[in-house]
Protein chains: 2
Amino acid sequence: MYFCPVIDRFKLHIASKFQNFKEQKLLLAFSGGLDSRVLLDLLCQLEIDFSVAHCNFDLRADASEADALFCARIAKQHQLPFFIKKFDTKSFAEEQKVSTQMAARELRYTWFDELKEQGGFTHLLTAHHLDDQLETFMINMGRGTGLKGLRGITTDKILRPLLIFSKNEIEQYANEQSIEWHEDASNAQDDYLRNHLRHHAILQWKAAQENLLQQVTQTFDHLSLAQEALSVVVDIFKEKHFRQQEDIISISLDALMELKPLAYYLHALFETYGFNHVADLESLLVAQSGKQLISSSHRLIRNREELLLSPLKIETQGEEFTWTPTQDLTDPIKLTLIDKPLNSANTAVLDKNTLKYPLLLRKFHEGDYFYPIGMKGKKKLSKFFKDQKYSTLDKENQWILCSEEQIVWVVGQRVDTRFAATPETLNPLIIRSH
Amino acid sequence: MYFCPVIDRFKLHIASKFQNFKEQKLLLAFSGGLDSRVLLDLLCQLEIDFSVAHCNFDLRADASEADALFCARIAKQHQLPFFIKKFDTKSFAEEQKVSTQMAARELRYTWFDELKEQGGFTHLLTAHHLDDQLETFMINMGRGTGLKGLRGITTDKILRPLLIFSKNEIEQYANEQSIEWHEDASNAQDDYLRNHLRHHAILQWKAAQENLLQQVTQTFDHLSLAQEALSVVVDIFKEKHFRQQEDIISISLDALMELKPLAYYLHALFETYGFNHVADLESLLVAQSGKQLISSSHRLIRNREELLLSPLKIETQGEEFTWTPTQDLTDPIKLTLIDKPLNSANTAVLDKNTLKYPLLLRKFHEGDYFYPIGMKGKKKLSKFFKDQKYSTLDKENQWILCSEEQIVWVVGQRVDTRFAATPETLNPLIIRSH
């Protein structure tokens, strides 16, 4: 089986692992690089319907434009619906204080989510291959992950049909089929760890153990099965013992205590609610009634012979203040009007003409959304907080500046695109938070 | 916790993971090398009772003798019961056609088993550490193993209390405490794969990821918990659904079919009975009644709405033949008398004076044992077959040459020490099997 041509193995793989492919609405993440170029080709060979999305991160000037044109040409040539978006990745990275790579990742997946929502796509396809997977495995292993993390790249809404192929095989196929592609220079340029593993540790490992990549495929399959088996067991327990009454889930202590090994199950049952410290959970089981743990999203209370699990409620505290920004504000927070922008999230540079006075200062409301600068899309504030790893307390403390109903500034964090000053803004309002 | 001195961490580790240490009868495998020397020291520091066993593989002439003397001295110095055995490792390796390292491993563990049986030891202690464990993990991963294999070094009858330490920490401790040790030159000298991983792939991995060894310890702990959770689930299923009636276990198909993912459970439930091919097991579930699978030790039959699992019985076929080796034999097998020994297991070089004619040719009997050459000890033939990975058919086909009740030659496989010619033998009998 291993020596079949790539196309036959791909066909078999799709038939056995992606039976519903033809009924799904697929969106291919297409950089124009070797991997996604080959995946596009294989999908076309199998006459699978899909659309193509290209992110232009604008990191390499003309080369980025050339990539974009190349992608458009390939899509047209295969008569595939084509989406493209250009990002100001560098600004976003600076704004967010993250690496260019992290910024590109966030921009990419946010846009893909938007496309999926708007275009009704059911699945995103990416061209990750076996070498990627082994790298991810090692990275996660070296971070002390558990079985879930070790499965490497997981598959749920993102499908990775090239995972059965090594980089070598993909390259060989491209050469044999005279497939052209653009070098993926920006792809993982600054991922030092991944590159270091690829070019040193894994290279040496491959040299030491024959057929390493084929063998680890087996390991991955076995681990996936083991993880699936455990998920099923955990789900069965939840179904049986997590008794939901309105907002509160009650779980019998006796049922929990029977689980073996307890540490495994405590982690598996409660990590999705934000409880990551098994030792804390173990203590709770033997603590006095009334003792509780708080995660970023939930409260877990020991109550007689049960645990009570409930979502934390963000209390809108009714604290609202108006402010006409012609002078500094000192209460409830300190906001200063300044002349020159400081390059920091503490400073909001707004277009005065877009604002309706008085502005409103208030706390988070369920359902809040805004248009964070650098992203151009709409984002739920709750999602934004989650991505920023806000604790419940953080959320409760966060002030939001609004113009009428619209969010102008998540104070000290992110300005809204609709109110942000542009180079053309004649009348900027610059506010600094302390 | 990580920065505590070695001795404190060891104490904590023993207290938390080896609670029964004081009630167990422990035997330390002691090479005199750094690792086992440090383990010996730590055990003494904690005033734990144990005995010491040293294998002299006689692979480095005087250096081997020096090691043995060193080990004896250290044991005496600490007033520890000391066992030592010298092996003819090279002859055994040639005889068995295995690497010196494999030979040493078999000799070592066979002797340890004997010692445990004779001395009533409950556990063997070895000095494997974290670096060893990571190497084993990678080796097994590159062999396509499952979760069980990935746990690296498992712990049941062999305890490895140094697994929490890296090689570096062990060496540092030895230096700080001025502990002397002998270099373990023969230890893993010819284990190319392990050494290659250690000196290249893992070195590079450590360079790429900070605190790699501490982090992978966490990964190992998580995997162990996951594996333990799965074992418990599998055991519960067996207890509930493997209904034993005399020799036969019946398992309801309905119960099996409810398991998810089926592939995982089929493997976990039946691999211990020698059924390793999940696809075969899956076919059996949907096959006609009467269809069966045979492993090296068991038979699994689909019988209406159940599977029947039964051990294969070795049928002693009552075929016995006598032979007076003054002329060649042609029936039931072909045995030729030759003049000069050939260097192969097909040839038995016997001491004629030890034999009582006529010899007896027969098949395996339950309870058979012999003294395989190169091992000096007694070995059950069933164990010998198992080690040689004999299938049931292999066992049934194996001829055994006996002198009265005693086994002379497992034909074509291994001569018995009691009848083997030595350099002093004046009257050799050389038999070749075809």
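## The interface

The contact takes 44 residues from chain A and 44 residues from chain B, where contact means heavy atoms within 4.5 Å. This is a predicted model: local features need pLDDT of at least 70, side-chain atom pairs count only at pLDDT 80 or more, and totals for chains, interfaces and linings use all residues. Residues are numbered from 1 along each chain as its sequence is written, chains are lettered from A in the order in which they are written, and side-chain values use heavy atoms, without hydrogens and water.

The two chains bury about 3500 Å² between them, 72% of it on carbon and sulfur atoms. Buried area is the accessible area (1.4 Å probe) lost by two parts on being put together, summed over both. M141(A), W205(A) and Q209(A) supply 16% of the area that chain A buries against chain B, more than any other three residues.

## Polar contacts

Between chain A and chain B, 12 residue pairs are in polar contact, both residues at pLDDT 80 or more. A polar contact is a pair of N or O atoms within 3.5 Å; within protein, one must be able to donate a hydrogen and the other to accept it, and residues adjacent in sequence count only if both atoms are side-chain atoms.

## A closer look at Q209(B)

Q209(B) counts as buried because its relative accessibility is 5%; the cut-off is under 20% relative accessible area (1.4 Å probe, protein chains only). A polar atom of its side chain lies 2.8 Å from the backbone oxygen of I139(A). Its side chain also joins that of W205(B) in a polar contact of 2.8 Å. Among the residues that Q209(B) touches are M138(A), G142(A) and L197(A).

Conventions. Buried means under 20% relative accessible area, exposed over 50%, partly exposed in between (1.4 Å probe, protein chains only). Lists of a residue's contacts leave out its neighbours within four places in sequence.
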